[in-house]
Amino acid sequence: GKGQHRHFMLKEIFEQPEVIGNTLKTMLNPAERTLTLPQLPFDLATIARVRIIGCGTSYYAAMTAKYWIERMARVPVEVDIASEFRYRAPPLEPGGLAVFISQSGETADTLAALRHCQAEGQHTLALVNVPESTIAREAEGVLLTLAGPEIGVASTKAFTTQLTVLACLAVALGRARGALDRAAEAEVCHALAEVPARVADVLRREDSIRAVAPLVAEARDVLYLGRGSNYPIALEGALKLKEISYIHAEGYAAGELKHGPIALIDESVPVIVICPSDALYDKTASNVEEVVARGGKVIFLSDRAGLARLSAKVAARIELPDAEPLVAPLVYAIPVQLLAYHVAVAKGTDVDQPRNLAKSVTVE
Ligand code: M6R
């Protein structure tokens with residue numbers, strides 16, 4: 001049941017420190033700062049190309065993994081929405097790895113994409129939350145998220161456990177390909193081991209996130225901006241908000257602002273900016289200046305240092321714990337979930353069973 005929580009979604013958001021920890025335990029040795037993936041039926045050292053396929057939130061996990069794998073393993077990654085991939089039927093080089101991300105393991109388009117890749121001689125790897133699912137049974141290799149049953153239609157803990165496994169996959173591939181040395185592996189493992197505590201820290205800040213919900217609840221349109229590996233988190237934040245609050249929301253790469261969406265900015269459009277203090281901070285902060293100069297209401301998500309450096313007059317600030325750049329998407333996924341949740345509660349929508357949506361999309 002929902003226990004002390006009013007909705008399954010909130011319960012599942014609060015389970016994240018535990019389920020991320022459980023998922024990490026299957027791969028990470030925190031004392032030695034090493035990690036080992038479960039046995040796979042192919043050798044990661046031979047993988048020279050990776051393709052990752054999913055739908056919805058699982059596709060955004062794939063997008064995040066592209067940043068991680070390209071950086072840590074120096075292997076080119078292509079990501080695809082399953083329904084686009086399957087009908088495009090692109091040429092595939094033999095020996096490539098195709099990864100299929102699906103919480104349910106039953107999504108029709110993702111399954112069809114898996115079957116296409118198998119017929120084309122790709123190594124296939126399923127990343128699922130339901131071990132007995134069709135996608136898990138049909139793929140050559142399986143990596144499991146230990147999120148436990150996810151009841152809320154809006155995916156939360158499945159997403160962050162997917163990210164957890166994908167970060168580990170990036171490290172393992174980097175080690176196998178010789179792109180990541182032992183010291184770099186140790187650094188990433190250390191950052192990963194801290195994620196459950198960082199996520200728990202974000203959850204303790206729920207009140208400061210709830211406080212911003214009224215600003216968003218009154219809007220008709222909302223923009224989310226992020227850069228680098230946090231760009232997919234902007235997309236995920238927008239998806240969460242539209243699914244459960246029915247507010248129109250779009251995520252953009254912050255650098256794309258000037259190429260179109262800035263035309264939408266006025267005082268009625270909140271702009272939620274995901275901006276940890278990392279190498280890209282200054283770029284995004286200058287986008288914030290542009291939004292503020294046009295009367296936009298910015299809700300700025302950053303760490304203490306990032307908030308202190310911001311000179312623009314933003315409408316609201318949400319302070320988050322410091323996060324290693326590599327694991328920042330895992331930390332920043334949480335406030336966008338909580339914000340969507342509290343906006344939906346403020347609007348009185350059906351959080352766990354939003355209109356028109358099914359938990360698992362088994363028809364095309
Ligand atoms: O079970 P899957 O991961 O294959 O599902 C994919 C999408 O249908 C799913 O992530 C959907 O977008 C969620 N409702 C997002 O919250």
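Predicted model: local features only at pLDDT ≥ 70, side-chain atom pairs only at ≥ 80, totals over all residues.
Which residues does Thr145 touch, not counting residues up to four places away in sequence?

Residues are numbered from 1 along each chain as its sequence is written, and side-chain values use heavy atoms, leaving out hydrogens and water.

**View 1. Five strands form an open, parallel sheet.** The order is β4-β3-β5-β6-β7. Strands (E, at least two residues) and helices (H or I, at least four) are DSSP runs, numbered from the N terminus. Two strands pair if DSSP finds at least two bridges between them. β4 (77-81) and β7 (141-144) are the edge strands, each pairing on one side only. Strand β3 (residues 50-54) pairs with β4 over five bridges. Gly54 has Ile81 of β4 as its bridge partner.

**View 2. Helix α3 (residues 56-73) packs on the sheet.** Helix α3 touches β3, β4 and β5 (97-102); contact means heavy atoms within 4.5 Å. Its direction makes about 170 degrees with that of β4. Axes are lines fitted to C-alpha atoms, for helices over the stretch in contact, and angles run from 0 to 180 degrees between N-to-C directions.

**View 3. Thr145 sits in the loop between β7 and α7 (157-176).** Thr145 counts as buried because its relative accessibility is 3%; buried means under 20% relative accessible area, with a 1.4 Å probe and protein chains only. Thr145 touches Thr23, Leu127, Val128, Asn129, Thr161, Gln162 and Val165, not counting residues up to four places away in sequence.

Key:
Buried < 20%, exposed > 50% of the residue type's maximum accessible area, 1.4 Å probe, protein only.
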